[in-house]
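Subject: Structure for your review: aromatic contacts

Dear colleague,

My notes on its aromatic rings follow.

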Amino acid sequence: MMFEDRKWLPIILISPVNALLALLIALPSVYIIWLSLNQSTFGSETTFVGLANYAQIFSDPIFWRSTINTFIVVNVVVYTELALALPLALALNTDFVGKGLVFSILIAPYAVTEVSAVVMWRYLFETDIGMFNMLLQSFAGFQLNWVRNPAHGLTLISILSIWIHLPFTLIILYSAISTVPVDMKNAARVEGATEWQVFRTVTMRFIMPAVLVALMFRYIFATRLFAEAWLLTEGGPARLTEVLGIYLYRAAFRYHDFGAAAATGLAMQMLSLLVASFYLYQLYKRMQADG
Amino acid sequence: MNARTHKMVGELLTGVMAAALIASTGTIANAEELSIIGHAVHQKVSTGEAGGNFAGEWAEANSAELNWLTFNVQDIHERLYREANLSSTTIDVGFAANRYFNPQFPAMFEPLDDYLARAPIEDFDELPKGMLDALTFDGKLYGIPFRHATAALHINTAILEEQGVPVPQTFEELLDAARKLTFKRDDGTQVHGLLLDFRSPAILTDFARAASNGDFLTPDFQLKANSPAMVKAVETVAELFNEGVLPEAFLNFKTEDVITYMQQGRGAMAISPFGRYRNFNNPEQSQFAGKFEAVAVPKSESLEGFDVAPIRVEFWALVIPKNSDNKEQAWDYIRNAVSPENTIRAAVNGNGPVRPSAYNDQRVKDLVPYAPAEQAALSVARPPMPGFSESARAEDIFIEEVDKLFLGLQTAQEAMDSAQARIEPLLPSN
């Protein structure tokens, strides 16, 4: 009997989940792959065009500019978030007066919708009357001219994205740091380790898997960057601040060129997979090393 | 079957019957509901107070419930076209703007000729032929014009008086006044002499039209991007931008920014549709309520054959998705909405009336102060460019090239030569 050797039981038990995953992830993915090989728009028959959509986007200089912009912004955002979240998470793992309030303030941006956040930051950095730009002008002698200067535009997109998403990395690292055994740290101190050595050899060793998970997830989410960039600059001026999310949006919702949009989506997915695979490999190596 | 099982079966049957009842009630409710997708302004002019809620009156008379779905312009068309491509839709009536009309219309929307023959629209012949032609594909009519938005010159009379600048009578005077009206107040507030809604071929073509009746794209798809008239137009706008007459934020302008700038007195004049008159003069939002006037955009001294500039007019039409289950009722709604009487009532609510006779009505004369100026502008206005499948991509290319000009990366001639070369292959004739 099939159930007697219980070999099939685990497969049967997890099959509903696999079916759900197939329905929600695999089927749409297959559809997108198929769509990327077709010319498709409203009011027209879908026609098979082979790799023409890929040829179209890969020969478009704006696609490559968007890819480079995405790469720059994603790296700036992800590593700045990590650089800020790590000391903040360490500080929050100590006891001080008003810790709860500080923690609430730090994670509050995560509760703000992206649209509201962009509107707020847009007016704070308005070139004529923006409060932050006026302060910058007074104290630093320059403004963040994000409407005219593409580098400034990408900078503001990065600042905004970091502000919104910092709590995600912070919470993951805070949780990881709070699980580091105090005994281990004390033992290291008894052995004469400095605080820096304790942090490097004990704390970091324990939290490294969490750091890798946070980096991987933020890379994947950040590659899909859209709302902040679209609502702030719409990719302008001259499409010089365009990121892949905007490139895809234009293809799908402005030009109704669904084949090119699907091809762009798959290119974005490949980019995410490429980055994620590196971090997954690092995680796998650590798990192997830890037995 | 024991008592407990009997009870359970009874409860189950009751539940199924209740669900069936709810489902059938829902179906009945849907049959009475007419879903309309459009912009908030379409709802406002159809249900407003000054001219009356003619849409609501129609719904009451027909025991129907109107379900308005309102979005911004691009999202209206994305949703409308997407719904029209499904096997069925809950959208019964859609508003579509002329620049989104394209040859795919017949695959998505109901041809209206048979409806028109069975239940005619009152004084149908009064509807502008040019608009009806733009809605005709393969000899069949796919939409009924409802609203026009013609560009006007909005003037903050308080700022003009303060600076001693007279109302410009020619296009040259307009440019001169815009420069004189660009100044910084004592409190540091920068006032810009002229505002434009955003960067688009339509808006920059206004400059070519006012100066020399130039065009960007003719109705028969002749691309004139690098014609002397268009090169001069974008060059003029770039000069205004570089001189600070147009704000730096123009590179990122959205319609609401123009409204905010004007309401706060940070803009002295704006070229924007006549309908904005109400926004600029809104006493609850504007610091200069009652101080704004809307006049027809003046033409160049050298332009002959026109009293005012032959500026852009955009228009909206009512369409019925082919897959709607409620087409007869949708047609009845459209007939009612575009009747001569309701065109007048919508105009009183702030709509741009597509029937010229509406401007002769006393209610419009009394309640729409800019009506004579709008009528004059409309008499020579024409759509900035015809709709085609790749119009959005063409617009983006134009904006990209113009932005490079504004950033000083190329000359006006180079920008328009590049736009010409990149847009040409996207046109239907190619």
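Is Tyr333(B) buried or exposed? In this predicted model, Tyr333(B) is buried, as its relative accessible area is 0%.

A search of the whole structure gives 45 aromatic pairs over all chains. One of them is formed by Trp58(B) and Tyr333(B), an edge-to-face pair with 5.3 Å centre to centre and 85 degrees between the planes. Trp58(B) belongs to helix H3 (residues 54-61) of chain B and Tyr333(B) to helix H14 (residues 327-337) of chain B, so this pair ties together parts that lie 275 residues apart in sequence. Trp58(B) also counts as buried, at 4% relative accessibility.

Phe95(B) and Phe146(B) form an edge-to-face pair as well, at 5.4 Å centre to centre and with 75 degrees between the planes. This pair links distant parts of the chain, 51 residues apart: Phe95(B) is in strand E3 (residues 93-97) of chain B and Phe146(B) in strand E6 (residues 144-156) of chain B. Phe95(B) counts as buried at 1% relative accessibility, and Phe146(B) counts as buried at 4%.

Ring pairs also build a cluster that includes Phe42(A) and Phe258(A) together with residues of chain B, among them Tyr81(B), Phe101(B), Phe137(B) and Phe315(B).

Yours sincerely

Methods. Residues numbered from 1 in each chain as written. Chains lettered and ligands numbered in written order. Predicted model: local features only at pLDDT ≥ 70, side-chain atom pairs only at ≥ 80, totals over all residues. Heavy atoms only, no water. Phe/Tyr/Trp six-rings, centres within 6.5 Å; stacked < 30°, edge-to-face > 60°. Helix = DSSP H or I, 4+ residues; strand = E, 2+ residues; numbered from the N terminus. Buried < 20%, exposed > 50% of the residue type's maximum accessible area, 1.4 Å probe, protein only.
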